[in-house]
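The stops below are given in the order in which to select them.

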Amino acid sequence: MTVEVLFYVSGLLCVYSYFLYPLILKLLPPRSGAAPFSNRVADLPRLSLIITVHNEQARIEEKLNNSLQVSFPEGRLEILVASDFSSAATDSIVESYADQGVRLVKAAERKGKEYAQLCAIRETSGEILVFSDVATRIPEGAVHNLVRRFSDARVGAVSSEDQFISSDGRVVGEGAYVKYEMWLRRLESDRAGLVGLSGSFFAARREVCEEWDIYSPSDFNTALNCAKQGLIAVTSPDVVGIYKDVKDPALEYRRKMRTVIRGITAIARHPEVLNPFRMGPFAFQVWSHKIMRWGVPWFMLVFAALTLMLQGQGLIYTVALWAQIAFYALALGGWLSAQLRQNAIVRIIFFFVQTNLALAQATVAFIFGKRMTVWTPSQR
C-alpha cells in the first residue's frame, strides 16, 4: 500500500469501533419474535441475589438494606453475600442480617471476585441468579423487570443499564461515555446479543453459570456462555443500576487499566469467541466492540505519524494535522486545568484520550505478563 492509502485506512480504523460499527449494526435487521412478558406470580422463577464484597464494612449495611427492599414475591428470593476473603468487620455485619434471611458465603482464600461468586453459586437454589456489587443501588422494581425478560426462552442473561451520578449532579465525561455505551448495548442486544454485561448488576439462568471461569470477568464470561449455548444476552432499558462516580479521579485510570487487562485475558483464554464459523455474528460483535476498540490508540498513533509524513502533499493532510493538534491540545488543557474540564467538549475529549492511554498501557502490560485476578472495589 502507498502511504496515502495507509493514511485513509488508519483513519477509518480510528473511527470504526466508535462510529462505523454502530452504523453497521443499525443497518442489520434486529432480532424478532421476542416472547411477551409474563406478570403472573406463578410464572416467576426462584431467584438468588448474589452480592459480591471485599472489605466493605463502610457500605455493606446500606447495600443490604437496599436489597431487602427489592420487590419480589415472598419466598421466591434468597440473598447471599459472596465475601472475597473480607475482613472480620465486613463478615460480622453480614452475619447480623441472618435473621432477615441473608446468608454469608465466605471464600476460604482471596482469589478474586469471580472465585467468590463461584463459591456463592454453589450455595444457591434459584433458577435465575442475579449478581450485584455493593456500589450499585437497586431500584425497588428492578429485579422483577430483569426477570420478566426471561419469558423469552432464547434469553440466557439480562443486563441492567448504568447510570452514573456525580456528587454535585453534573454529567462528567464518564457519564457521557456511559450514555453512548448504553446506546451501543441496545443495538447489540437487538442483534447477536451483548458481548459484555454490566458487571455490577445482571442476571443469568443457572445453566449459563455452570461453566464459571474465575480468571475471566463474569460480565464477559456470562455473555460468552450464552453464545456457546445458543442463547443471547440482552439489555433491559427499564432496569437501571445507579452508581456514584469514583471519588478519586486518579484511581479511575488504574481502574480502566485493570478492566482492559482482564478483558484481554478473557479473550486469550477463550479465543474461540473470535471464530465467526463457530460463534457466528457474535464473533463479529466481539471483534468490533472489543478487539478493534483496544486497537484505537495504536491506530491513532499510526494516523498521526502518517499525517506528519504527508505534510506538503495536499490540503487534506494539513487539515488533518491541525485537527489533531487542536484535539490533543484540548485533552492536555483538560488534564492541566480542572476548570477547563467543566466545558463539555473538553471533558469528553479529555476522557477519550485518557481512556486510550489506559488502553495502550494495559495492552503493553499484558504483553509483558501483567495479569489481574484479585479485585479491589473502587471507592465512590
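Which residue just after H7 takes a positive phi? Select Gly-230: its phi is about 75°. Before going on, note that this is a predicted model, in which local features need pLDDT of at least 70 and side-chain atom pairs count only at pLDDT 80 or more, while totals for chains, interfaces and linings use all residues. Residues are numbered from 1 along each chain as its sequence is written, and side-chain values use heavy atoms, with hydrogens and water left out.

Eight of its eleven residues are buried, so H7 is largely enclosed by the rest of the structure. Buried means under 20% relative accessible area, exposed over 50%, and partly exposed in between, with a 1.4 Å probe and protein chains only. Among the buried residues of H7 are Ser-218, Phe-220 and Asn-221.

The Glu-114 side chain reaches the backbone nitrogen of Ser-218 at 3.0 Å. Glu-114 counts as buried because its relative accessibility is 1%.

Now colour the aromatic residues. Rings of Phe, Tyr and Trp (its six-membered ring) pair if their centres lie within 6.5 Å; planes under 30 degrees apart count as stacked, over 60 as edge-to-face and the rest as tilted. The count by this rule is twelve aromatic pairs. Phe-7 and Tyr-8 are edge-to-face, because their planes stand at 85°, with the ring centres 5.2 Å apart. Phe-7 is buried at 3% relative accessible area, whereas Tyr-8 is partly exposed at 42%.

Select Tyr-18, Tyr-180, Trp-183, Phe-327, Tyr-328 and Phe-352 together: they form one aromatic cluster. Then display the second largest pocket, where Tyr-18, Phe-327 and Phe-352 are among the residues nearest the centre. A pocket is an open set of points on a 1 Å grid over the protein atoms alone, where a 1.4 Å probe fits, with protein on both sides within 12 Å along at least five of seven lines; lining residues have an atom within 4 Å of a point. This pocket is lined by 20 residues. Helices that each supply at least two residues of the lining include H1 (3-27) and H13 (344-367).

Finish at Arg-371, which lies over the face of Phe-366 at 3.7 Å from the ring centre. The rule asks for CZ of Arg or NZ of Lys within 6 Å of the ring centre and within 35 degrees of the ring normal.

Methods: Helix = DSSP H or I, 4+ residues; strand = E, 2+ residues; numbered from the N terminus. Polar contact = N/O pair within 3.5 Å; in protein donor to acceptor, adjacent residues only side chain to side chain.
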